[in-house]
Amino acid sequence: MTQDELKALVGQAALAYVVPGSVVGVGTGSTVNCFIDALAAMKDRIAGAVSSSEKSTERLRGHGIRVLDANTVDGIPVYIDGADEIDHAGNMIKGGGAALTREKIVADKAERFICIADQSKLVDTLGKFPLPVEVIPMAAAQIARKLRALGGQAVLRHGVVTDNGCHIIDVAGLQIVDPAATECEMNQWPGVVTVGIFARNRASVCLLGTPEGVKTLNF
Ligand code: 5RP
């Protein structure tokens with residue numbers, strides 16, 4: 001099976017976690033695009049979606065799925081999103097698609113985070129995928145220096161302005177052995193908008209696409 005077929009498989013499987021009559025939180029990325037396409041079949045059985053990016057909003061609306069303003073929705077049963085890496089405890093690196101801030105906001109509204117990913121995303125230790133950090137533009141050089149002091153190779157993602165008008169620094173070479181502590185530390189730095197470590201908002205479930213089918217990991 002190709003990677004695209006695995007993404008389609010988990011996108012379809014995620015429908016089983018959508019609570020009929022409720023609002024669903026929707027992430028961003030190529031795997032989530034498969035989920036959005038599958039969700040179109042049950043659009044009349046949900047109250048709508050809260051979206052984590054302009055791209056996902058456009059795709060949801062293209063299918064006639066109602067997109068709600070996050071401020072009008074109190075809590076949602078499930079948030080469905082992909083990941084760049086996920087470990088065996090449900091901690092993730094996210095932000096490859098630069099949507100990490102809105103993803104974390106919507107994930108924080110949700111009772112459960114359902115991660116959908118192909119098997120290449122499962123890792124023992126987070127950090128092989130460069131960690132995205134969204135920053136206020138005037139703090140970029142200062143934050144990059146702090147990240148280098150931790151041993152990372154920090155590079156500004158050229159030409160990218162997020163949906164929030166901010167920049168992304170990608171940090172390679174970090175071995176993130178304690179994701180919650182690293183997330184907490186970086187969150188304190190002035191100018192950091194969002195760190196792409198999702199430990200406080202880690203996954204409850206991962207639907208992992210494998211050639212043998214969908215493997216369900218419960219955390
Ligand atoms: C976007 C994300 C995505 O979930 C992550 O990059 C995975 O994307 P894909 O499903 O395309 O591999 O965090 O900001």
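Modeller: This is a predicted model. On its surface, I136, M138 and V193 make a nonpolar patch of about 300 Å². M138 sits in the loop between β7 (131–135) and α5 (140–149), and with a relative accessible area of 78% M138 is exposed.

Now the charged contacts. The whole structure holds 6 salt bridges. One of them joins the side chains of D37 and R59, at 2.9 Å from N to O. This pair links distant parts of the chain, with D37 in helix α2 (residues 30–39) and R59 in helix α3 (residues 54–62), 22 residues apart. D37 is partly exposed at a relative accessible area of 33%, and R59 is partly exposed at 31%.

Helix α3 also holds E54, whereas R102 lies in helix α4, so their pairing ties together parts 48 residues apart in sequence. The E54–R102 salt bridge spans 3.2 Å, N to O. E54 counts as partly exposed, with 45% relative accessibility; R102 is partly exposed too, with a relative accessible area of 25%.

Another salt bridge is formed by K104 and E183, whose closest N and O atoms are 2.6 Å apart. K104 is in helix α4 and E183 in helix α6 (residues 179–187), 79 residues apart. Both residues, K104 and E183, are buried, which means under 20% relative accessible area.

The C-alpha atoms of D108 and I76 are separated by 9.4 Å, the two residues being 32 apart along the chain.

Key:
Residues numbered from 1 in each chain as written. Predicted model: local features only at pLDDT ≥ 70, side-chain atom pairs only at ≥ 80, totals over all residues. Heavy atoms only, no water. Patch = residues over 30% accessible without salt bridge, like charges linked within 9 Å, V, L, I, M, F, W, Y side chains within 5 Å. Areas by Shrake-Rupley, 256 points an atom, 1.4 Å probe, with all protein chains shown as cover. Salt bridge = Lys/Arg side-chain N within 4 Å of Asp/Glu carboxyl O. Helix = DSSP H or I, 4+ residues; strand = E, 2+ residues; numbered from the N terminus. Buried < 20%, exposed > 50% of the residue type's maximum accessible area, 1.4 Å probe, protein only.
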